[in-house]
Amino acid sequence: MKKRVLYTSGVVIFGICFLFMLYYGKETFYVENIETSAETHDFHFALIIEEAGNPYWQMIERSAEETASKHNIYLETIGPRKSDTDEVLKMIDRMIAAKVDGIITQGLPGPRFLELMNKASENGVPVLTVDSDVSESERKAYIGTDNYEAGRLAGEELIQSTEGKQFVGIITGNLESLNQQERIKGFEDALKKTDRIGIVDIQESNITEAGAAQAAYSMMKQHSEINALFGTSALDGIGMAEGVEEITVWERPYMITFDILPETLELLEEGSIDATVVQYPEEMGEKAIHIMLELQEKDYVEPLQYTKTNVIHRADWETLEPDEEDAS
Ligand code: BGC
């Protein structure tokens with residue numbers, strides 16, 4: 001009898017332990033099986049973004065994912081937590097090694113990017129650049145804003161909307177980024193036709209709101225003559241408005257920035273920012289997936305596919321009918 005009780009309890013304890021092992025083992029070691037996900041789909045594309053959690057890149061990500069799911073594509077989206085070129089280069093290399101069916105990424109400065117584009121091409125992995133381009137690389141095509149033209153539009157807007165001498169401070173995401181350089185070049189070229197406007201200083205925001213606020217603040221402290229600010233990346237305008245608020249000035253500077261994040265639009269509406277250059281990140285994400293699909297069947301696509309660019313300013317808001325405003 002004693003033996004039987006012992007034996008039964010042994011079996012019960014073993015059974016319980018076994019169940020626990022199965023449960024916790026699964027919890028601890030379960031990782032999403034990429035192979036399985038990729039296998040149930042027709043294609044496996046990689047989208048490598050500049051910075052995870054950045055609201056501008058989230059727009060590209062969202063539209064690319066929506067489009068991919070409609071076409072039975074497994075889209076793997078990756079990116080560093082903070083903008084980091086070396087990290088992105090490593091991710092591109094890893095995705096080439098994984099032999100994905102296509103890579104969508106930002107065009108990056110320096111020889112390593114060119115090498116990786118060669119490597120991708122030799123391995124039969126098509127690459128598309130979005131948001132920023134390196135036209136001399138072996139990427140198949142660029143889908144995004146004509147960044148030089150976008151900068152030029154900002155310069156034209158500044159000329160048209162101001163009178164008298166303008167001393168401009170530029171806040172840029174990152175001086176190394178190709179799209180930021182092109183925007184600044186376009187802006188400078190537009191200003192060449194007038195001697196009324198000059199650029200006083202350029203500082204980086206590291207594509208963060210806090211960085212832009214700090215840059216605007218210190219720039220205006222250093223150069224009290226600044227009466228216009230130009231922000232060249234998505235969070236710069238929001239940060240600029242914060243930085244300016246911290247400083248007591250007779251008249252706030254004229255402010256033009258980039259992108260239409262919800263907060264930027266609010267600032268525009270309440271009159272804290274004067275104008276913004278509109279990019280269409282959703283269109284970039286959607287189009288990139290479509291073009292990558294085409295590249296699964298052919299080798300050549302139109303290499304420069306610019307998305308729209310335009311400027312909106314406060315006056316546009318004032319002329320909007322109330323209904324239109326609600327709808328937007
Ligand atoms: C640029 C992106 C940048 C983003 C930063 C956008 O205007 O096109 O390259 O990553 O701003 O928030």
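**Close-up views of a predicted model**

Buried residues make up 48% of the 328 residues in the protein chain. Buried means under 20% relative accessible area, with a 1.4 Å probe and protein chains only. This is a predicted model, in which local features need pLDDT of at least 70, side-chain atom pairs count only at pLDDT 80 or more, and totals for chains, interfaces and linings use all residues. Residues are numbered from 1 along each chain as its sequence is written, and side-chain values use heavy atoms, with hydrogens and water left out.

**View 1. The protein chain has 13 helices and twelve strands.** Helices (H or I, at least four residues) and strands (E, at least two) are DSSP runs, numbered from the N terminus. Take contacts between residues at least 6 apart in sequence: 71% of them join residues at least 24 apart. Contact means heavy atoms within 4.5 Å.

**View 2. Strand 9 covers residues 254–258.** Five of its five residues are buried, so strand 9 is largely enclosed by the rest of the structure. In a regular strand, side chains alternate between the two faces of the sheet. On one side of strand 9 lie Tyr254, Ile256 and Phe258; on the other lie Met255 and Thr257. All of these are buried, and both faces are covered.

**View 3. Strand 9 runs parallel to strand 8 (residues 228–231).** Three bridges join the two. Strands pair if DSSP finds at least two bridges between them. Leu229 stands opposite Met255 in strand 9. From strand 8, the chain crosses through helix 9 (residues 236–245) to strand 9, in a right-handed β-α-β crossover. Right-handed means that, with the strands pointing away from the viewer, the path from the first strand over the helix to the second runs clockwise.

**View 4. Strand 9 also runs parallel to strand 10 (residues 275–278).** Three bridges join them. Thr257 stands opposite Thr276 in strand 10. The chain crosses from strand 9 through helix 10 (residues 262–269) to strand 10, and this β-α-β crossover is right-handed.

**View 5. Thr257 sits in strand 9.** Its relative accessible area is 0%, so Thr257 is buried. Beyond its neighbours within four places in sequence, Thr257 contacts residues including Gly231, Asp236, Met240, Thr264 and Thr276.

**View 6. The largest nonpolar core has 34 residues.** A nonpolar core is a set of buried Ala, Val, Leu, Ile, Met, Phe, Trp, Tyr and Cys residues joined through side-chain atoms within 4.5 Å. Phe45, Leu75, Ile104, Leu128 and Ile289 touch the most other members. A second, separate core of 20 residues includes Leu89, Met91, Phe113 and Met117.

How values were computed:
Buried < 20%, exposed > 50% of the residue type's maximum accessible area, 1.4 Å probe, protein only.
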